[in-house]
Amino acid sequence: MGPIEQKIDLDSDEEIPFSSTPVMRKVHAFDSETTHAYPHADMANSRVFKQIRMGPLSKRLGFATEQLAFYTGPTVGGLLNATFGNATEMIISIYALNNGMIRVVQQSLLGSILSNMLLVLGCSFFIGGIIHHKKVQVFNKASAVVNSGLLLMAVMGIMFPAVLHFTRTEVHFGKSELALSRFSSCVMLIAYASYLFFQLKSQVNLYNPFDEERGDGGDSDEEEAPELTQWEAIAWLAILTIWVSLLSGYLVDAIQGASDSWNMPVSFISVILLPIVGNATEHGSAIMFAMKDKLDITIGVAIGSSTQISMFVIPFCVVVGWFMGQPMDLNFQLFETASLFIAVLVVAFMLQEGTSNYFKGLMLILGYLIVAASFYVHVDLSNDD
């Protein structure tokens, strides 16, 4: 009976009344336990299938990651959420890097950091502050300070090759900045690995407020019960990641055509438009948790994702480019590096008190609008792409 009912649910998008089929009439003849168990299982399976089949790729990837988080715990689950949330950017970057589109890689990753720090966090603070205007929203200050420190370290690693290049103080022009970038990338990867050990093993108590906030909201949410098994979630993550990798080639190849047809700079599309579309799931999740007054999770989604891109994805791309024979470095050009430096400083000041309100959110959103306008009028003079 179970497989027959499941087949009916999967083959049709319409809900079938349980009392209308001969199979369910037979089920009603059994005890009440069986009667209640089968409809619940069928409805769950149908809902899972529709989540995977009908949602956008980023939403499907987020759903599968969320299901896996039930089995790994909240801290590891938050890390997995950021990791697979950034999987799209990582796959696109490797594909573009293989085609020698170094500037597209640099600008898209920079755009993801700016989008998460300013737009996502700003919208979350703004909407959460309006909904909870009668009280002060708070978050784990210690965790936010650690992430801010990592972001500043990433800025340091990105800034020095750019300064070395534009001051023309290299020992060997062009080669010294590449060697420095590769060395700094290895150091940044070690720092990020140390951060993971610090977060998951050494100083677990530092992140307890984040875990408790994530767990306490489970009683009121229907989605807190896992709808996939652990291996099903892993299988879907593998399938969706492969599918994203296949589609990433078309996306990268379409950037130049979109720039010509829309009469927009490639830098604006790479830094502003592409990250907004790619991070749509993270945007919605962060805002939703801020509306529920769970700012620790919001910080984990927005700032944690920015930290992972700056301290892991960017250095990883440099190392991958090293093995590919591509001269991918940390010299993001002067304008992009200055934009990142100012944005990190602004966000670090906003997070230092451990509180948020709608005014802070509005300031971050307006700051992102300034950044977007700057890249719209910015002309990329580099010839790498």
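Q: To start with, is Leu362 buried, partly exposed or exposed?
A: Leu362 counts as partly exposed because its relative accessibility is 30%, where buried means under 20% relative accessible area, exposed over 50% and partly exposed in between, with a 1.4 Å probe and protein chains only. This is a predicted model, in which local features need pLDDT of at least 70, side-chain atom pairs count only at pLDDT 80 or more, and totals for chains, interfaces and linings use all residues. Residues are numbered from 1 along each chain as its sequence is written, and side-chain values use heavy atoms, with hydrogens and water left out.

Q: Where does Leu362 sit?
A: Leu362 is placed in helix α16, helices being DSSP runs of H or I with at least four residues and strands being runs of E with at least two, numbered from the N terminus.

Q: OK, switching to charges: how many salt bridges are there in the whole structure?
A: A search of the whole structure gives three salt bridges, each being a side-chain nitrogen of Lys or Arg within 4 Å of a carboxyl oxygen of Asp or Glu.

Q: Which residue does Arg103 pair with?
A: Arg103 meets Glu336 in a salt bridge, at 2.7 Å from N to O. Glu336 lies in helix α15 and Arg103 in helix α7, so this pair ties together parts that are 233 residues apart in sequence.

Q: And are those two buried or exposed?
A: Glu336 counts as buried because its relative accessibility is 2%, and Arg103 is buried as well, with a relative accessible area of 1%.

Q: How do α7 and α15 pack, then?
A: Helix α7 (residues 102-131) and helix α15 (residues 334-351) pack at an angle of about 25°, with their axes 11 Å apart. That makes α7 roughly parallel to α15, since angles under 35 degrees count as roughly parallel, over 145 as roughly antiparallel, 65 to 115 as roughly perpendicular and the rest as oblique.

Q: What about Lys135, which residue does it bridge to?
A: Lys135 forms a salt bridge with Asp293, and the closest N and O atoms are 2.5 Å apart. The two come from distant parts of the chain, 158 residues apart, with Lys135 in the loop between α7 and β1 (137-138) and Asp293 in the loop between α13 (280-291) and α14 (295-324). Lys135 counts as partly exposed, at 44% relative accessibility.

Q: Which residues make the other bridge, with N to O at 3.4 Å?
A: The side chains of Glu353 and Lys360 meet there; Glu353 counts as exposed at 54% relative accessibility, whereas Lys360 counts as buried at 10%.

Terms used. Axes fitted to C-alpha atoms, helices over the stretch in contact; angles between N-to-C directions.
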